[in-house]
Amino acid sequence: MIALSLAEIAEIVGGQSYDIPDPSVQVTGSVVIDSRLVAPGSLFAAFAGEHVDGHDYARVAYEAGAVAVLAARAVGVPAIVVDDVQGALGALAREVVRRLGTDVVALTGSSGKTSTKDLIAQVLQRHAPTVYTPGSLNNEIGLPLTALTATSETRHLVLEMGARGIGHIRYLTGLTPPRIGLVLNVGTAHIGEFGGREQIAEAKGELVEVLPQDGCAVLNADDPLVRAMAPRTKARVLLFGEAEDADVRAENVRLTDAGQPSFRLHTPSGCSDVTLRLYGEHHVSNALAAAAVAHELGMSADEIARALSEAGTLSRWRMEVTERPDGVTVVNDAYNANPESMRAALRALAAMGKGRRTWAVLGPMAELGDESLAEHDAVGRLAVRLNVSKLVAVGDREASWLQLGAYNEGSWGEESVHVSDAQAAVDLLRSELRPGDVVLVKASRSIGLERVALALLDGGVEGEVAAR
Ligand SMILES: Nc1ncnc2c1ncn2[C@@H]1O[C@H](COP(=O)(O)OP(=O)(O)OP(=O)(O)O)[C@@H](O)[C@H]1O
Ligand SMILES: [Mg+2]
């Protein structure tokens, strides 16, 4: 964080100082909520969680070098006391970002936020110092904590924004007002909490409503609910996608034999060829979104294409490819799943597995409501059409739909199996995998199918894992 005295911080957050002998002492380090991350010069923000209360760690934090604690009550060590610690953290972030004058890029969407944010960060870093959300810390606490890591060097601040209801994005944009706002897609994630797709679009679209006139709304031309957000903003609109009228678009999209998408990138300032190091064609949309943001910030098509082609995965379990020493390739995409990314992952598996045996270890896709049966059935059928050698459907009802879809498409017998849980899948794979096989593992987050991928890697036939 930029250096601020305790007196300044107290004023910004409207707090009262307790046990502070010298209010001119400055916070020079980071703002943290976990006392184990405190370093000399930190400000420790005490949150009362479900299981632990940060206030109980105030002294530990102070002894580890925290200058003071941002707290809801006096804690016996220097503290700035406020009614609402979360609100105070937000106010501090808002003021720091305002003083720095850093350009904020905010992005939201139902899926692909973290993947796209990681791409944007890797592209913009080529251009100027960039601070970005680590992992998926996209809520009312993670977002201000990230913003507070910006320094006077920071030119771009790239922030992932998550929403579980109406008003959430508006709240986050109030903390770090963006100049560039990107909406990726409106899917079905958290549809239960929202009530329906229209409500999700309503909530995500709050991002473009807050953009200033000299700002830019970057919208997915291929998603009708996102495209329809254009009239909700005063800002200029930049469309990305495969649609003909998109400002930033991809042509000749194909998958290489390794399963990595390659395409010709068109931007208003030129064209250039891209081959991603990421797997699965859903990343084309993510890459185009990143390209549109980079274009808006002044990068040329060549610079963008080069940066995209060199970008790797910064966050785990998203099409994470590992070669085992025995030649088995494990593709861990167990972070999450929806119908579109299931199809993309299966196509990538088919491309990577040419001439090899391919295994699709698939579990339920959550939150599909009435469409659940049809979507699972369709994924099962696609596995057969893509010639996947063996489908292992893991779980209860949804898994039986996956298997039935496969069975009906190809009258499969032994090529598809239904197992009840992750352990059963591991046991099966351990006994049947042969050198050279490719295994994809994918399902919605809640089932925890990454355990299968991790078990295959840890307990690999030859033991040790080559690369993680
Ligand atoms: N453009 C996309 N379209 C559809 N699915 C995608 C897309 N990009 C990624 N995914 C899928 O979504 C999963 C989660 O990706 P990612 O973590 O990037 O999304 P997220 O929006 O940040 O999720 P969260 O809401 O958990 O933060 C991936 O494993 C992949 O299956
Ligand atoms: Mg995320």
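1. Ligand 1 is surrounded by 20 residues, the closest being T114, S115, S136, R318 and K442; a residue is counted here if one of its heavy atoms lies within 4 Å of the ligand. This is a predicted model, in which local features need pLDDT of at least 70 and side-chain atom pairs count only at pLDDT 80 or more, whereas totals for chains, interfaces and linings use all residues. Residues are numbered from 1 along each chain as its sequence is written, chains are lettered from A and ligands numbered from 1 in the order in which they are written, and side-chain values use heavy atoms, with hydrogens and water left out.

2. By class, the shell around ligand 1 comprises 13 polar, six charged and one nonpolar residue. Ala, Val, Leu, Ile, Met, Phe, Trp, Tyr, Cys and Pro are classed as nonpolar, Asp, Glu, Lys and Arg as charged, and the others, Gly among them, as polar.

3. The distance is 2.6 Å for R318, 3.0 Å for S341 and 3.3 Å for E160. Taken alone, ligand 1 exposes 630 Å², of which the protein buries 92%; these areas come from the Shrake-Rupley method with a 1.4 Å probe.

4. The elements that contribute two or more residues to this shell are α4 (113-124), α11 (282-296) and α13 (339-352). The greatest contribution is that of α4, with three residues. Helices are DSSP runs (H or I, at least four residues), numbered from the N terminus.

5. The chain is divided into domain 1 (4-83), domain 2 (101-310) and domain 3 (320-467), with bounds from an automatic or database domain assignment. Domain 2 and domain 3 each supply at least three residues to the shell around ligand 1. The C-alpha centres of domain 1 and domain 2 are 34 Å apart.

Methods:
A polar contact is a pair of N or O atoms within 3.5 Å; within protein, one must be able to donate a hydrogen and the other to accept it, and residues adjacent in sequence count only if both atoms are side-chain atoms.
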